[in-house]
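I opened the model today and kept short notes. Each entry records what I looked up.

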Amino acid sequence: MEPLFHAAPFIGYVYPNETIIPWTVLIVVYPYLTGLVAGAFTVSSLYHVFGIERFKPAARFALLTSLCFMIFVPLPLLLHLGRPERAFNSTITPHWTSAMAAFGYAASFYMGLLVLETWFAFRPHFVEQAQKGRGLLARLYGVLTLGSYDLSENAMSHDRKWIFALAAIGIPAAHGLHGYVGFIFGSLKSREWWSSDLMPVVFLFSAIISGVALLIVLFVASCKLRKIPVDLPCLKGMAYTLWGFAMLTIVLEGLEFANIVYKGREGIEMILEYVTGPLVIPFFVIQFGIGAVTPILILSYLIWRGTTGKTLITGVTISALLVLLSVFMMRWNVVIGGQEIAKTGKGLLSYHMLIFHREGLVVAAALMAAPLITLAVAVRLLPPWGENSAPSPSH
Amino acid sequence: MSDSISALKARRAFLGKLGGAAACAGAVAGAGALGVMQEVDAKGAPAAGGGSFPTPDYDWTQHQWGYGIDATKCIGCLRCVEACKKENDVPGDAHHFRTWVERYVYLEGEDSPRIDSHHDPVNIAASGSEREYRFANRYKDAKVEKAFFVPKMCNQCTHPACVQCCPTGATYKTKDGVVLIDHEYCIGCAYCVQACPYGARFFNESKGVSDKCTWCYHRITKGLQPACVEVCPVGARVFGDLKDKQSPISQFIRNNRTRVLKPETGNAPNVYYVGLDKDVV
């Protein structure tokens, strides 16, 4: 029989109860997913709200990506709970002083908003498909129209207004949902590694870059799969967004780290021992060096040289992949890192990820793959491409 | 007042149990101890998990419980840990504790203390089992300059970070000053485990919920002492009602210069310590 718990090895002195690390890789995956949702939504809103035309080819795809990832956001939390069957207790009787209590409401609100915006964005497609074909699929599209078959200019203009409003409300909703994940960590005073006012902001900015990076990768991949040329202005627009926000993110992360070190409060010796020991590779090398500095340098070079064509596509895609890696490592280093530094300030623990376990590697990998698979199916049912892919912004 | 009497009774009962050899204490005292024992047994029979909890007729507005620890008295025998584990059905291994004892040893020529507790592999190896609670005699060949023990447990804080962050309200502060967890309502998110600066909470895997010390709430509401206080052979642990100025805890606080752990967290803990050193974590 599988053991009930796995105690983490430690050095120095840690409180006895700390030897079981409560939050595992699933709690790394959770903020990673919400971040991707918020970031992808940003790209969609850049077109739908801010009317930046170059994002048009990716706008509806971004929306769909956001939706497909959002569907799986609650799952890592649910799998992590000791009593998942009671998950709704926090929604039925929310204890409002808890940073966690609003999750159910915030997530449901945003999920509803995403579904609604997606419905408006794809309504013309539903109508066309329902009227064109016969059989089961056409009937499914018929149901999806919700009986609304009016595609007149008047109706479309009405739809555009709705999309604009939803996308506008979605910006604070998506970013609020994610900034609030940062608050869950940043508001805890028990751990020096987490207890930072900058935490929600750092989470937010890294969320934006991760979502934009994800879209870049998926957008390029989808063009390759559909054997069509990559829309370069759109790609470059996303590259600009990634570049700018990546610079802000690295500054914020640097500031946060500098704050901990400079304040040098109790337990700083242990933190320094940690960052100069077990954290060198995951933090300095992967998160900062490979994942943040390198893509900024690549993007700076590409933009400075005015690179275009295949080199631009390759360079931007590689940068995006590195950013995705960096943000994942950032989540890991925050969630796992915080728990590896003992609350005693006198010891360090080491988390060992299990492979086949409810909270192990296989489940975590499946949770990351599931949104991509869902997206692959979704783009077949709701093709986000094409000339008239996205209704123009209403202004 | 009633509390201090019951505390005294409980202590006497414990001593009585220790020496059924009360004979040597004289006939009168012996008879007295026997009388008390009967009374306590009748009260305390269904200690943990009995059908009598919540205790009928207990008015939680009439009490304000407090706890004192005199670290200068603790001998590190870990009877408190063992009693707690048995009384409260705490998993018997070295990773789940409602109370534990830390050992601080300053060796000659070293700047900072060596700290360990029961979960240290050396201590487990020495006793041969995680369920044998004792400290290994690991410093017998070293030159020890200073050494002491510090019992730890939930501080039942006035502003508990764990209660603040609980998303369901399954953990709550009682009117008499104890922080409890409703194991039937807790969803097992472990946010409270993260929030406690003292490491007092643990995740109870077999129940799927958070767990921690309750100062033996099922006992104290019956006028009994927490199990750890009752078994402490040296009186290092003191418990009572802060509303009763003559209670052991009121006297402990009045007669000593006490301090609490990590006051800077703003949690306002309610376990008062005597004899801590600056290195106590």
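I start with a definition: a residue is buried if 20 or more other C-beta atoms lie within 10 Å of its own, exposed if 12 or fewer, and partly exposed in between, with C-beta atoms placed from the backbone. By that count, 48% of the 281 residues of chain B are buried.

I note the ground rules. This is a predicted model, in which local features need pLDDT of at least 70, side-chain atom pairs count only at pLDDT 80 or more, and totals for chains, interfaces and linings use all residues. Residues are numbered from 1 along each chain as its sequence is written, while chains are lettered from A and ligands numbered from 1 in the order in which they are written.

**Confidence.** I looked up pLDDT, the predictor's confidence in each residue, from 0 to 100. Chain B averages 86, and 81% of its residues score at least 70. Residues 1-8 of chain B fall below 50. Residues 19-51 of chain B also stay under 50. Where pLDDT is low, the predicted coordinates should not be read in detail. For the model I noted ipTM 0.93 and pTM 0.89.

**Core.** I turned to the nonpolar core, a set of buried Ala, Val, Leu, Ile, Met, Phe, Trp, Tyr and Cys residues joined through C-beta atoms within 7 Å. The largest one has 186 residues, and A:Leu215 and A:Leu242 have the most contacts inside it. Helix α1 (residues 25-48) of chain A gives the most to this core, 16 residues. Helices (H or I, at least four residues) and strands (E, at least two) are DSSP runs, numbered from the N terminus. Which residues does A:Leu215 touch? I found A:Ala40 and A:Met238 among them, leaving out residues up to four places away in sequence. Contact means C-beta atoms, placed from the backbone, within 7 Å.

**Sheet.** In chain B I found an open sheet of 3 strands in the order β9-β1-β10, with mixed pairing. β9 (237-241) and β10 (271-274) are the edge strands, each pairing on one side only. Two strands pair if DSSP finds at least two bridges between them. Strand β1 (residues 65-70) of chain B and β9(B) are antiparallel over 5 bridges. There, B:Trp65 stands opposite B:Asp241.

**Between chains.** How many residues does each chain bring to the contact? Chain A brings 34 and chain B brings 39.

Note on methods
Two residues are in contact if their C-beta atoms, placed from the backbone, lie within 7 Å.
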